[in-house]
Amino acid sequence: MLVTSTVAGSVVYPPGGKFGPRIQPDIQLVMLYTGEMSVSIDGREIHAQPGHVVILLPGHEEQFVFSKTEDTWHRWIAVHVPEFDEEARESLRLLPECLPLTEDMNRLTDLILRLQRDTSASDPLLLQLGLAALHLYPVESKRVMQQREKHPAIYSALSWIQEHYAEDVALKDMAASANVSPEHLVRLFKQYELTTPFQYLWSYRINKAVELLNNTGLTITEIASRCGFKTSHHFARQLKEATGRTASEIRQLSWSGLRKA
């Protein structure tokens with residue numbers, strides 16, 4: 001997909017604000033923070049609440065109507081793509097038109113806003129960031145769909161594990177983070193993750209350890225400690241069982257450029 005310009009912006013509309021009608025020239029991601037926003041697209045209406053992002057596609061007539069009772073603040077990233085092949089057009093058309101707004105999208109918007117102060121919309125770095133925004137939206141869409149398919153307690157527990165994996169973790173702590181009993185959490189993990197909470201935890205610790213082995217010069221003892229292993233011996237045994245290799249072998253393969261993709 002060829003991107004020829006990327007522009008971001010931020011605006012606050014007073015109560016009763018309106019914008020349009022206009023023909024959308026870009027792929028535009030509109031992020032709503034306060035107030036409310038209704039977008040009429042070729043006569044079909046999308047209603048967005050704060051904390052959501054809307055994707056708008058080129059060639060359609062749009063009209064915006066904002067909250068009648070309070071200020072509406074939104075930001076946007078507009079990415080211009082002169083030509084679409086049919087596959088790209090269809091993949092965009094199939095995306096959800098509105099998603100929860102994530103911190104990743106916020107940070108990307110912050111970065112584009114900051115960089116564009118000193119450069120043009122066609123600067124290569126801004127073009128790459130615009131392309132990154134277009135790739136991020138489908139990723140977030142997939143994540144939302146996956147979350148809808150699982151029990152909410154699973155996502156609470158997974159998030160908690162990913163924040164606390166380096167600590168001395170007990171099953172009751174994981175369950176409390178998900179607001180379910182330990183027994184119920186075990187049942188949910190077996191149903192949705194095909195594993196147990198502790199098996200997931202140890203797998204996550206191993207993955208983080210391998211990441212540190214590949215990308216840092218930390219000692220094996222330090223990596224073991226940072227990833228929640230009580231001793232280097234325990235780490236070595238778990239790593240060998242999970243990967244078939246020792247920590248030294250993993251590091252040597254990575255640093256020599258022989259690690260498999």
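Predicted model: local features only at pLDDT ≥ 70, side-chain atom pairs only at ≥ 80, totals over all residues.
Housekeeping. Residues count from 1 along each chain as its sequence is written, and side-chain values use heavy atoms, without hydrogens or water. Local features need pLDDT of at least 70 and side-chain atom pairs 80 or more, while totals for chains, interfaces and linings use all residues.

Start with helix H10, residues 247-255. Helices here are DSSP runs of H or I, at least four residues, numbered from the N terminus. Ala247, Ile250, Arg251 and Ser254 are buried (under 20% relative accessible area; exposed is over 50%, partly exposed in between; 1.4 Å probe, protein chains only). They fall within an arc of 95° seen down the axis, so they line one face of H10. The arc uses directions from the helix axis to the C-beta atoms. What covers them? Helices H7, H8 and H9 are included.

Next, Leu129, in helix H3. It is buried, at 11%. Leaving out residues up to four places away in sequence, Leu129 touches Leu108, Leu111, Ile112 and Leu115 (contact: heavy atoms within 4.5 Å).

Now salt bridges: a Lys or Arg side-chain nitrogen within 4 Å of an Asp or Glu carboxyl oxygen. The structure holds 10. Arg93 pairs with Glu90 at 2.6 Å. Arg93 is exposed, at 52%; Glu90 is partly exposed, at 31%. Glu193 pairs with Lys150 at 2.8 Å. That pair links distant parts of the chain, 43 residues apart. Lys208 and Glu211 meet at 3.8 Å, both in helix H7, about one turn apart.

How values were computed: Helix = DSSP H or I, 4+ residues; strand = E, 2+ residues; numbered from the N terminus.
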